[in-house]
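Visitor: Could you take me through one part of this protein up close? I would like to see how two neighbouring pieces meet, and then what else deserves a look.

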Amino acid sequence: MIPLHTSMRGLRCFCVAAECLSFKETAKKLYLTPSAVSHQIKQLEETLNQTLFERQTRSIALTEVGVRFYQAVEPVMQQLVNTISEFNQAERMQEVSISMPEFFASELFMPKLIGWSSKYPNINIKLETIKSRSDHVTHTDVSIILSGKQQQDSHVYDLFPITYIPACNPELFNRLAAQGFKALTQVPLILHKARPYAWHQWAENVGFDGFQPKQIIQLDSMFSVARAAEQGLGVALIPLPISQAWFDKGMLIPLFSHPLYSHDRYYLVRHTNEQHRPEVNLLIDWILQSFQEELGQ
C-alpha cells in the first residue's frame with residue numbers, strides 16, 4: 001500500500017512521464033522544470049522502494065515494475081481528476097427557476113435569453129410556462145404574471161401595462177380597411193377567453209353604437225389568438241407591446257388605431273427570500289433592466 005504521505009504531484013508527474021517518456025516533455029506539460037520532475041519521481045521511487053524508470057542519456061523507459069504501477073495508478077488518477085472536475089462544476093454552476101405565461105415566454109423572454117447566456121454563462125435557467133393567468137406557479141424562484149389587479153407586495157415588481165388593438169392579416173386588411181367600423185360585422189371577432197367582453201368594451205369606448213358582431217371566437221391562449229388572426233380567421237384584439245414583433249414582421253396589421261386600455265399589467269414576483277442566493281437577484285435585475293430598455297421606461 002502506498003503511504004498516505006505520498007505526493008500527489010509525484011504521482012501526477014509519474015503518469016505524464018510514463019505517457020510521453022520524457023522528463024523534459026513532462027515538465028512542459030506540467031509547467032515545471034525538468035529537474036523538478038526528476039526530483040518528484042525520485043521521491044516516489046524512494047517511497048515505493050522501487051525503480052520506475054530506466055534512465056538513459058537521451059531517453060527514459062519504464063521498468064517492468066513501472067509498467068505495472070502505471071497500469072494500476074493511471075485509472076485511479078483519472079477518476080480523481082473526473083471527480084474533482086464534477087465537484088468543481090457543481091460548485092460553479094447555479095440554477096434559477098422562473099415561470100411565466102407561454103406567450104410572454106415566446107414573444108419577449110426567449111428572444112432575450114441570448115443576452116442572459118452571454119452575461120451569465122454559469123447560471124442555468126429552468127423555465128416553466130403557464131397557459132392561463134389562473135394557473136399560478138409558486139414553487140419557482142420567481143414568476144412573471146399577468147394581472148388586472150394592482151400588486152402591492154414588496155416582492156412584486158411592476159413591468160409594464162397591456163393595451164389591445166384590433167388587428168388582422170394583410171389580405172383581410174385590404175378587404176376590410178375601407179369599410180370602417182362596419183367591417184367588424186362582416187367577419188368573426190377573436191379574443192382571449194379571459195376577456196370575453198373585450199370587443200364590446202372596445203366598441204363602447206370608440207362610440208360604435210349598435211355593435212352587433214357576426215361571430216365571436218374565444219380561444220384559451222394568446223398565441224392562438226394571434227395565430228388565428230395571422231391565418232385570416234378574423235379580426236383579433238392583440239395585446240401590445242408584447243405582440244409588437246407580429247406587426248414589425250408584417251404578419252398582422254392594425255385595422256383601427258383605437259386601442260382598448262385595460263388594467264392588465266405584467267408583474268415580476270419573487271417567491272423566495274433567501275438572501276444567500278445572489279443568482280436570483282441577478283435574474284430579477286436583468287429582467288427589470290431588459291424590459292425597461294425595450295419599452296423606453
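**Where two helices meet**

Guide: Helices α2 and α3 pack at an angle of about 105°, and their axes lie 8 Å apart. Here the axes are lines fitted to C-alpha atoms, for helices over the stretch in contact, and angles run from 0 to 180 degrees between N-to-C directions. That angle makes α2 roughly perpendicular to α3; angles under 35 degrees count as roughly parallel, over 145 as roughly antiparallel, 65 to 115 as roughly perpendicular and the rest as oblique. On the α2 side, the contact is made by F23, K24, T26 and A27, and on the α3 side by P34, V37, S38 and I41, where contact means heavy atoms within 4.5 Å. These contact residues divide into 5 nonpolar, 2 polar and 1 charged. In that sorting, Ala, Val, Leu, Ile, Met, Phe, Trp, Tyr, Cys and Pro count as nonpolar, Asp, Glu, Lys and Arg as charged, and the others, Gly among them, as polar.

Before we go on, please keep in mind that this is a predicted model: local features need pLDDT of at least 70, side-chain atom pairs count only at pLDDT 80 or more, and totals for chains, interfaces and linings use all residues. Residues are numbered from 1 along each chain as its sequence is written, and side-chain values use heavy atoms, with hydrogens and water left out.

Now look at the loop between α2 (23-30) and α3 (34-48), where Y31 lies. Helices (H or I, at least four residues) and strands (E, at least two) are DSSP runs, numbered from the N terminus. Y31 has a positive phi of about 55° although it is not a glycine. With 76% relative accessibility, Y31 counts as exposed; buried means under 20% relative accessible area, exposed over 50%, and partly exposed in between (1.4 Å probe, protein chains only). Past α3, in the loop between α3 and β1 (53-55), sits N49. Its phi is also positive, near 60°, and N49 is exposed, with a relative accessible area of 68%. Most residues other than glycine have a negative phi, and most peptide bonds are trans. For the peptide bond, turn to L240 and P241: the bond from L240 to P241 is cis, with omega near 10°. P241 is in the loop between β9 (235-240) and α9 (244-248).

For a buried residue, visit D264 in strand β11 (residues 260-270), which has a relative accessible area of 2%. Its side chain makes a polar contact of 2.9 Å with the side chain of Y164, and another of 3.2 Å with the side chain of R195. A polar contact is a pair of N or O atoms within 3.5 Å; within protein, one must be able to donate a hydrogen and the other to accept it, and residues adjacent in sequence count only if both atoms are side-chain atoms.

As for confidence, the mean pLDDT of the protein is 88; pLDDT is the predictor's confidence in each residue, from 0 to 100.
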